[in-house]
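Here are a few exercises to work through with the model open beside you. Try each task before you read its solution.

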Amino acid sequence: MTNPQTHIVFVDIDPEHEAAFDDWYVNTHLPDILACPGWLDARREKCLEGGPRHVAIYTITGPEAYETPEFNAIKGFGPFSDKVRNFHRIRLTQS
C-alpha cells in the first residue's frame, strides 16, 4: 500500500436544494463511500471563503481506491448530479 492520500471535493448547490443535499450526503453518500475498499475516512465542512461552499475531505489508500467496482457504482452526486455546480477536486499526498 502506498502512503494514504487526501481526496478533497468542492461543490456548490442552489440554496433550495441545500438541506436535501446535506441529508443525502451525510446519510447516504458518506456511508456508501466508506463501505468501498480503499476509502478510509470522510468528513464534510463548509467553506467560509475562497471557494465552493461544500467541502468533503476523504482519506484514501491511494489511486487504487478509484478503480473498484464498489466505488464506480456509487461515485458522483446521485440525485443531485444535475444540481451541483462549481465542482472541483484535488488530491494530496504527504511529502
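A salt bridge here is a side-chain nitrogen of Lys or Arg within 4 Å of a carboxyl oxygen of Asp or Glu. Keep in mind that this is a predicted model.

**Exercise 1. The fold**

Work out how many helices and strands the protein chain has, and in which pattern they follow each other.

Solution. 
- Step 1: read along the sequence. The pattern comes out as β-α-β-β-α-β.
- Step 2: look at the extent. The C-alpha trace spans about 40 × 30 × 20 Å along its principal axes.

**Exercise 2. Contacts, burial and surface**

Find what share of the contacts with a separation of 6 or more comes from residues 24 or more positions apart, and what share of the residues is buried.

Solution. 
- Step 1: take the contacts with a separation of 6 or more. Residues 24 or more positions apart account for 72% of them.
- Step 2: turn to burial. Of the 95 residues in the protein chain, 37% are buried.
- Step 3: The accessible surface comes to about 5,800 Å², and carbon and sulfur atoms own 53% of that.
- Step 4: tally the charges. There are 9 positive and 14 negative side chains, with the centres of the two sets 3 Å apart.

**Exercise 3. Salt bridges**

Find how many salt bridges the whole structure holds, then say which parts of the chain R85 and D14 link.

Solution. 
- Step 1: search the whole structure. You end up with 7 salt bridges.
- Step 2: pick out R85 and D14. Their side chains meet in a salt bridge at 3.0 Å, N to O. This pair links distant parts of the chain: R85 sits in strand β4 (residues 84-93), while D14 is in the loop between β1 (5-13) and α1 (15-34), 71 residues apart.
- Step 3: move on to E18 and R53. Their closest N and O atoms are 2.8 Å apart, in a salt bridge. E18 lies in helix α1 and R53 in the loop between β2 (39-46) and β3 (54-60), so the pair ties together parts that are 35 residues apart in sequence.
- Step 4: ask about burial again. E18 has a relative accessible area of 18% and the cut-off for buried is under 20%, so E18 is buried. R53, at 39%, is partly exposed.
- Step 5: compare that with D82 and K83. They form a salt bridge too, with the closest N and O atoms 3.2 Å apart. D82 is exposed at 64% relative accessibility, and K83 is partly exposed at 25%.
- Step 6: look for shared partners. Salt bridges that share partners join E18, D22, R44, K46 and R53 into one network.

**Exercise 4. A backbone angle**

What is the phi of N86 near?

Solution. 
- Step 1: recall the background. Most residues other than glycine have a negative phi.
- Step 2: read off the angle. Phi of N86 is near 55°, a positive value in a residue other than glycine.
- Step 3: N86 is in strand β4, and at 44% relative accessibility it counts as partly exposed.

**Exercise 5. Two distances**

How far apart in space are E16 and I33, and what separates the C-alpha atoms of G51 and D12?

Solution. 
- Step 1: start with E16, which is in helix α1 and exposed at 60% relative accessibility. E16 and I33 are 17 residues apart in sequence and 25 Å apart in space, C-alpha to C-alpha.
- Step 2: go to G51, in the loop between β2 and β3. G51 and D12 are 39 residues apart along the chain, with 8.9 Å between their C-alpha atoms.
- Step 3: G51 is partly exposed, at 38% relative accessible area.

Conventions: Residues are numbered from 1 along each chain as its sequence is written. This is a predicted model: local features need pLDDT of at least 70, side-chain atom pairs count only at pLDDT 80 or more; totals for chains, interfaces and linings use all residues. Side-chain values use heavy atoms; hydrogens and water are left out. Helices (H or I, at least four residues) and strands (E, at least two) are DSSP runs, numbered from the N terminus. Buried means under 20% relative accessible area, exposed over 50%, partly exposed in between (1.4 Å probe, protein chains only). Contact means heavy atoms within 4.5 Å. Accessible areas come from the Shrake-Rupley method with a 1.4 Å probe; for residues, only the protein chains shown count as cover. Lys and Arg count as positive and Asp and Glu as negative; His and the chain ends are not counted. The place of a charge is taken as NZ of Lys, CZ of Arg, CG of Asp or CD of Glu.
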